[in-house]
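Open the model in a viewer and keep the selection panel at hand. The stops below are given in the order in which to select them.

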Amino acid sequence: MFKRILTVVVAAVGLAVAATAPASAIDSGSSKNACGVVYFYPDGDTFKFLDTCSDGHGVLLYWTTPTTGQPHTTDSAQSKAYTGGYTGWDLDNAYVYDKDFTEGACFYYRVGLTESGGYIIGSYGSWTLSCA
């Protein structure tokens, strides 16, 4: 009996915490080898790029067009590269790229590496779903 009551209390607390969580969580994606990392901040529609390896490669962000419908990884897309050099993991050193997405619009993005203006084949990490 005590276990059932405890389970109900724990579940209720979990629901209360989930209901009060901020609506705009920060998302991140990384290249396959984690030498490129991009954070997305929905408050302000800001991407922050980190180049975490001193390998001479830039960081490439590839995102689908934000939509208030159901986003898909095959939607039309844009890209932005950061080639300014090593930043390390310090977000104060991050390259900041601001966009202006429709509130509530969702999109997928992934992060890869670039060299001499081109995508390095096989460097993209997994897709990340985000909403503005």
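The tour goes through a sheet and then through the disulfides.

This is a predicted model, in which local features need pLDDT of at least 70 and side-chain atom pairs count only at pLDDT 80 or more, while totals for chains, interfaces and linings use all residues. Residues are numbered from 1 along each chain as its sequence is written, and side-chain values use heavy atoms, with hydrogens and water left out.

**Stop 1: the sheet**

Strands here are DSSP runs of E with at least two residues, numbered from the N terminus, and two of them pair if DSSP finds at least two bridges between them.

To see one of the partners, pick D27 and then F40 in strand 2, which is its bridge partner.

**Stop 2: C35 and C53**

Now select the cysteines. With a disulfide taken as a pair of cysteine sulfur atoms within 2.5 Å, the count comes to 2 disulfides. One joins C35 to C53, with an S to S distance of 2.0 Å. C35 lies in the loop between strand 1 and strand 2, and C53 in the loop between strand 3 (46–51) and strand 4 (58–64), so the pair ties together parts that are 18 residues apart in sequence. The angle about the S-S bond is -75°, a left-handed link.

Colour by relative accessible area, where buried is under 20%, exposed is over 50% and partly exposed is in between (1.4 Å probe, protein chains only). C35 is buried at 7%, whereas C53 is partly exposed at 23%.

**Stop 3: C106 and C131**

Move on to C106 and C131, whose sulfur atoms are 1.9 Å apart in a disulfide. C106 is in strand 7 (residues 106–115) and C131 in strand 9 (residues 128–131), 25 residues apart. This link is right-handed, with 100° about the S-S bond. C106 is buried at 14%, and C131 is partly exposed at 34%.

To finish, show both pairs: with bonded cysteines counted along the chain, the disulfides follow the pattern 1-2, 3-4.

Key:
Helix = DSSP H or I, 4+ residues; strand = E, 2+ residues; numbered from the N terminus.
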